[in-house]
Amino acid sequence: MSRAAVPGLPSPHPIGEQLPALYAEDDFAQRFTAGLDTVLAPVFTTLDNLPSYFDPRLAPADFLPWLASWVGGVDDPRWPTALRREAVARAVELHRWRGTRRGLTEALRLVLGVNAEVSGDGGATWSRTAGADLPPAPADEVLIRVWPGREGEAYAVDADRVRALVRTLCPVHTVCRVEVLPGPPAGEGR
């Protein structure tokens, strides 16, 4: 992130105009303060637009990694800027759903542009009655079926990227298996 001099950016508060009358006609004083104006103009512009820096949809692209670090979001510089902005904007919401079916499907859709169906619960069992026998053990595997979110070869599913994202988002105690489908599973109308 770098905020530096912007050629031709005028200062909203030129220092030379604020000097005592004695220096108003002094060429050296005016040139010296004009140099300071060049250095300070980006600072004033940044401060005047500070609320925009905290909105990922408006912030400068080089500010996005810093915003992402504030909210624990993912920012990959290889992604298109629009996707990076959306990932930062939705990071807090996705953290709320982390480790759940919804969180996994939303993250896959946002980050990779794929649709997903998650089945299985990773082997969690419980009982509502104290001292009662536990229900039958469920399958200890979570199956994640993904298919392209859009038509065309450019939107083909990259299975390695899907597996890598699933590894980072699934709870550590679960076994997750990924299946890549050419289209929606039978009966899906998406």
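# Briefing on a predicted single-chain model

Residues 24 or more positions apart account for 54% of the contacts in the chain with a separation of 6 or more. The model is predicted. Its chain has 8 helices and 3 strands, and 29% of its 190 residues count as buried.

**Overall layout**

- Read from the N terminus, the elements follow the order α-α-α-α-α-α-α-β-β-α-β.

**Helix α2**

- Helix α2 runs over residues 27-48 and has 22 residues.
- From its first C-alpha to its last, α2 reaches 30 Å, which is close to the 32 Å expected at 1.5 Å a residue.
- At L40 the helix α2 bends by about 40°. A proline, P42, follows within four residues of that bend.
- The buried residues in α2 are A29, T33, D37, A41, P42 and T46.

**The nonpolar surface patch**

- Eleven names make up the list for a nonpolar surface patch of about 1,100 Å²: F28, F32, L36, V39, L40, V43, L47, L50, F54, W66 and W70.
- Helix α2 gives the largest share of this patch, with 7 residues.
- Both α2 and α4 (64-71) supply at least two residues of the patch.
- L47 has a relative accessible area of 52%, so it counts as exposed, the cut-off being over 50%.

**Salt bridges**

- The structure holds 12 salt bridges.
- One of them joins R57 and E86, whose closest N and O atoms are 3.5 Å apart. R57 lies in the loop between α3 and α4, while E86 belongs to helix α5 (residues 81-89), so this pair ties together parts that are 29 residues apart in sequence.
- E86 counts as partly exposed, at 29% relative accessibility.
- D76 and R78 form another salt bridge through their side chains, at 2.6 Å from N to O. D76 is buried, with a relative accessible area of 13%, whereas R78 is exposed at 73% relative accessibility.
- A further salt bridge links the side chains of D160 and R163, at 3.9 Å from N to O. Both residues lie in helix α8 (residues 159-169), 3 residues apart, or about one turn of the helix.
- D160 counts as exposed at 60% relative accessibility, and R163 as partly exposed at 35%.
- Elsewhere, salt bridges with shared partners join E117, E141, R145, R177 and E179 into one network.

- A59 has a relative accessible area of 0%, so it is buried, the cut-off being under 20%.
- Apart from its neighbours within four places in sequence, A59 is in contact with S52, Y53, L67 and R85.
- The C-alpha atoms of A59 and R85 are separated by 8.5 Å, although the two residues are 26 residues apart along the chain.
- R90 is placed in the loop between α5 and α6 (91-96). R90 is buried too, with a relative accessible area of 15%.
- Leaving out neighbours within four places in sequence, the contacts of R90 are E106 and L110.

Methods. Residues numbered from 1 in each chain as written. Predicted model: local features only at pLDDT ≥ 70, side-chain atom pairs only at ≥ 80, totals over all residues. Heavy atoms only, no water. Patch = residues over 30% accessible without salt bridge, like charges linked within 9 Å, V, L, I, M, F, W, Y side chains within 5 Å. Areas by Shrake-Rupley, 256 points an atom, 1.4 Å probe, with all protein chains shown as cover. Salt bridge = Lys/Arg side-chain N within 4 Å of Asp/Glu carboxyl O. Buried < 20%, exposed > 50% of the residue type's maximum accessible area, 1.4 Å probe, protein only. Expected span 1.5 Å × (residues − 1). Bend = angle between axes of the 7 residues up to and from the residue. Contact = heavy atoms within 4.5 Å.
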